[in-house]
Amino acid sequence: MTIKGMIHSLESCGTVDGPGVRFVVFMQGCPLRCKFCHNPDTWKLKDGKEFTVDEVMNEVKKYKSYMKFSGGGITVSGGDPLMQPKFVAELLKRCKEEKIHTAIDTSGYVNLDIAKDVLEYADLVLLDIKSHNNIVYKDLTGVSNEPTLKFANYLSSINKPMWVRYVLVPHITDNMEDINSLGKFLSNLNNIEKLEVLPFHKMGEFKWDELGYDYELKNTRPPSEDSVKKVIDVFRGYGLRV
Ligand code: SF4
């Protein structure tokens, strides 16, 4: 049976979602509702466009030489790729057959048994951890951080290379106690290649307006360079490569 996936969009030359130049597949569907989300148009599965794996692979293959030359590959992002695990596992498997480096960008809010098939074909996981404080996490995303932390521990146990991403939102995720507690948690994992601190921005705000959603962070400003530097220093203090 041909597996089909609901896709938001395809981007041929991504440079911020993993190493090198990347073909990025933005899957439709996400179980979180992050207040700072810049892709709220990816939330509902039904709003995507249906693609077969062959259709996506035909596009991917056109950029194979760029990817190879730059040390890049494919990144499946979203939304969340783990919402459509069968499609994504097949897509990554096909990429591995073409010797293309594979990455997924996820919040890790998933049942581990479901994720295992995808992980088998993923060379790298970009894991977004919104907060180590579960109260903050729930307020920010609408769900618990427990599955994400369990996912991170599992990735460490199988030595799956991982880049952690942390969005710094003033007055929400800039609490030093929470940042220290995340640093400590991450320092006990053995698979982290890199940690990225991403300053909050409002580039997706217009989409919230277009969709008629209430954008609660209207009055929140991006963090200062100084506060980003302070957070980076805290993480570095835990021996993390930032
Ligand atoms: S996990 Fe990503 S796509 Fe989903 S709501 Fe949060 S920021 Fe948006």
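This is a predicted model: local features need pLDDT of at least 70, side-chain atom pairs count only at pLDDT 80 or more; totals for chains, interfaces and linings use all residues.
**Entry 1: the pocket lining**

I sorted the lining of the largest pocket by class and got 13 nonpolar, 11 polar and eight charged residues. My classes: Ala, Val, Leu, Ile, Met, Phe, Trp, Tyr, Cys and Pro are nonpolar, Asp, Glu, Lys and Arg are charged, and the others, Gly among them, are polar. Residues are numbered from 1 along each chain as its sequence is written, and side-chain values use heavy atoms, without hydrogens and water.

I then looked up the volume of the largest pocket, which is about 780 Å³. Of its 32 lining residues, His38, Asn39, Asp105, Asp128 and Arg165 are the closest to the centre. A pocket here is an open set of points on a 1 Å grid over the protein atoms alone, where a 1.4 Å probe fits, with protein on both sides within 12 Å along at least five of seven lines; lining residues have an atom within 4 Å of a point. The volume is the space filled by probe spheres set on the points, which are joined across faces, edges and corners.

Which strand gives the most to the lining of the largest pocket? I found that β8 does, with three residues. At least two residues each come from β1 (4-14), β2 (22-27), β5 (101-106), β7 (162-168) and β8 (192-199). Strands (E, at least two residues) and helices (H or I, at least four) are DSSP runs numbered from the N terminus.

**Entry 2: α4 and α6**

I checked α4 (residues 112-119) against α6 (residues 146-157): their axes are 12 Å apart, at an angle of about 45 degrees. Axes are lines fitted to C-alpha atoms over the stretch in contact, and angles run from 0 to 180 degrees between N-to-C directions. In α4, Leu112, Ala115, Lys116 and Leu119 meet Lys150, Phe151, Tyr154 and Leu155 of α6, where contact means heavy atoms within 4.5 Å. I count six nonpolar, no polar and two charged residues in the contact of α4 with α6.

**Entry 3: α7 and α9**

Helices α7 (residues 176-187) and α9 (residues 225-237) pack at about 35 degrees, with axes 9 Å apart. From α7 I noted Met176, Ile179, Asn180, Leu182 and Gly183, and from α9 Lys230, Val231, Val234 and Phe235, as making the contact. The residues of the contact of α7 with α9 are six nonpolar, two polar and one charged.
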